[in-house]
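Student: I have a structure open and I'd like to learn how to read it. Could you walk me through it, feature by feature?

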Amino acid sequence: MNLVFTNINRIYGTQPNGRHILKGTDMAEVPFLDHAYLRCRDGIITETGLMQDWVAKEDEQQVSLEGKWLIPGLVDSHTHLVFAAAREEEFRMRISGKSYEEIAAAGGGILNSALKLRQTSEEQLFEDACVRLHLMMAHGTTTVEIKSGYGLDTASELKMLRVIKRLKEHFPMQIRATFLGAHAIPAEFRQDRAGYIRLITDEMLPAIHAEGLADFMDVFCDRGFFSPEETATLLEAGLRCGLRPKIHANELGLTGGVQVGVQFGALSVDHLEHCGPDEIACLLESHTIPVGLPGTSYFLGLPYTPVRALMDAGLPVALASDFNPGSSPGPSLQMTMSLACTQMKMLPEEALNAVTLNAAAALDLNDTCGSLTPGKRADFCVLKGNPSLALIPYHFGVNHVEEVYVQGVRC
Ligand SMILES: [Zn+2]
């Protein structure tokens with residue numbers, strides 16, 4: 001179908017063709033068009049331009065977005081949105097002074113989620129995930145990555161990944177699945193770490209590969225979880241099954257996660273609450289994208305990823321919600337942007353680029369989304385009123401998105 005959106009007050013994120021990632025100081029710019037139109041055919045943008053140059057075509061349907069402001073659909077490159085239950089009782093424990101690691105050691109945290117997930121049916125998981133995805137879409141997210149990692153046995157990890165596969169089929173948005181069997185050592189393998197790693201490499205990965213259930217491979221490489229050596233073994237096995245790494249690294253310390261991620265050609269290394277000169281030097285020698293998750297720092301009281309230092313070094317930075325029941329129960333990337341500005345000292349333009357074009361790059365989808373550029377999907381948000389870009393992170397706790405379009409269709 002041929003569509004043209006006309007009378008748009010402003011279109012943000014009209015990156016020129018070929019600009020597929022923004023590094024360092026380039027992140028501070030968001031190109032825009034005023035008094036503009038946007039044309040698409042079968043959900044793909046064919047043209048953007050100024051209204052003064054617009055000529056109506058006979059075979060296209062016109063949708064007037066009179067006076068509206070548009071931003072590209074937001075891209076959430078790191079979520080755990082398939083889960084069985086919220087963990088607000090642990091929230092209480094933490095308020096009373098217990099650390100995330102202490103709660104995990106007491107059988108809470110990820111293992112608590114695993115216990116509940118194993119007892120929950122695929123149907124129930126799917127229905128609950130649908131509700132969360134609708135909520136995210138209402139807040140402007142049109143592309144999302146979803147991880148497994150609350151199953152921690154073969155049947156339950158496959159169950160999670162099948163739920164994600166159904167979500168891919170059910171929703172118009174782009175969804176990518178990441179296998180995170182190495183999220184934690186399950187209770188039954190506490191005395192046999194090597195045994196659990198073998199279960200992942202010898203049983204889970206071949207089964208996932210056979211059904212084509214994952215796009216990426218993740219490992220929680222950190223203190224108390226998986227060592228860099230164990231991570232190397234796991235990533236090697238994942239690569240043999242065609243799964244490129246995107247890993248959890250340096251959330252709890254300078255634990256070598258960035259280095260092992262880069263060594264195995266990771267598309268992204270996510271978290272980096274702890275990130276020093278060695279990590280920055282390592283990233284500069286690579287194509288691996290650092291991803292900050294400010295919602296987690298906010299919710300757990302952790303340090304914030306030093307994104308200013310990363311950008312000053314000339315690196316690209318992406319941001320994601322890390323939406324999950326334990327450490328970041330917030331699904332809104334508008335809130336992520338606000339935290340980035342107030343806590344990480346990012347400019348609003350840098351924050352928007354970090355949840356659009358650079359986030360798309362962190363999913364290897366930057367040729368299809370992340371900016372409103374001809375050749376990409378017509379995924380965009382119509383904003384409420386006439387806000388400046390800075391109003392989104394400034395006026396926090398408010399949903400600034402009025403309507404969401406995915407491939408040119410209003411959702
Ligand atoms: Zn995570």
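Predicted model: local features only at pLDDT ≥ 70, side-chain atom pairs only at ≥ 80, totals over all residues.

Student: Which residues have the most contacts inside the largest nonpolar core?

Tutor: They are Leu-38, Ala-318, Leu-319 and Val-355, in a core of 123 residues. Helix α12 (residues 333-344) gives the largest share of this core, 7 residues. Both domain 1 (2-71 + 371-410) and domain 2 (75-361) contribute residues, so the core lies between them.

Student: Let's pick Ala-318. Leaving aside neighbours within four places in sequence, what is Ala-318 in contact with?

Tutor: Quite a list: Ser-77, Ser-268, Ile-289, Val-291, Ala-354, Asn-358, Ala-359, Ala-361 and Ala-362.

Student: Which residues of α5 are buried?

Tutor: First, a general idea about helices. An α-helix has 3.6 residues a turn, so residues three or four places apart point the same way. In α5, the buried ones are Ser-156, Glu-157, Leu-158, Lys-159, Met-160, Leu-161, Val-163, Ile-164 and Leu-167. Those buried residues pack against α3 (109-118), α4 (122-138), β7 (141-147), β8 (174-182) and α6 (193-211).

Student: What about two helices packed together?

Tutor: Two packed helices are described by the angle between their axes and the distance between the axes. Take α6 and helix α7 (residues 228-240): they pack at an angle of about 5°, and their axes are 10 Å apart. Angles under 35 degrees count as roughly parallel, and α6 and α7 are therefore roughly parallel to each other.

Student: Which residues meet where α6 and α7 pack?

Tutor: From α6 come Ile-197, Ile-200, Thr-201 and Leu-205, and they meet Glu-230, Thr-233, Leu-234, Ala-237 and Gly-238 in α7.

Student: Now single residues. Is Ile-103 buried or exposed?

Tutor: You count the other C-beta atoms within 10 Å: 20 or more means buried, and 12 or fewer means exposed. Ile-103 has 21, so Ile-103 is buried. Ile-103 lies in helix α2 (residues 100-105). Leaving aside neighbours within four places in sequence, Ile-103 is in contact with Glu-90, Met-93, Arg-94, Lys-98, Gly-108 and Gly-109.

Student: Then why does Ala-281 count as exposed?

Tutor: Because Ala-281 has 11 C-beta neighbours inside 10 Å. Ala-281 sits in helix α9 (residues 277-284). The C-alpha atoms of Ala-281 and Gln-259 are 9.9 Å apart, and the two residues are 22 residues apart along the chain.

Student: And what lies in between?

Tutor: Arg-223 is a case of that: with 15 other C-beta atoms within 10 Å, Arg-223 is partly exposed. Arg-223 is found in the loop between β9 (216-221) and α7. Setting aside neighbours within four places in sequence, Arg-223 is in contact with Leu-252, Gly-253 and Thr-255.

Student: Last one: backbone angles. What is the phi of Asp-42?

Tutor: Phi of Asp-42 is near 50°, a positive value in a residue other than glycine. Asp-42 belongs to the loop between β2 (32-41) and β3 (44-50). Asp-42 is exposed, with 11 other C-beta atoms within 10 Å.

Student: Where does Asn-250 lie?

Tutor: In the loop between β10 (244-249) and α8 (257-263). Phi of Asn-250 is near 60°, again a positive value in a residue other than glycine. Asn-250 counts as buried, with 27 C-beta neighbours inside 10 Å.

Definitions and conventions. Residues numbered from 1 in each chain as written. Helix = DSSP H or I, 4+ residues; strand = E, 2+ residues; numbered from the N terminus. Contact = placed C-beta atoms within 7 Å. Core = buried A, V, L, I, M, F, W, Y, C linked by C-beta atoms within 7 Å. Domains from an automatic or database assignment. Axes fitted to C-alpha atoms, helices over the stretch in contact; angles between N-to-C directions. Parallel < 35°, antiparallel > 145°, perpendicular 65-115°, else oblique.
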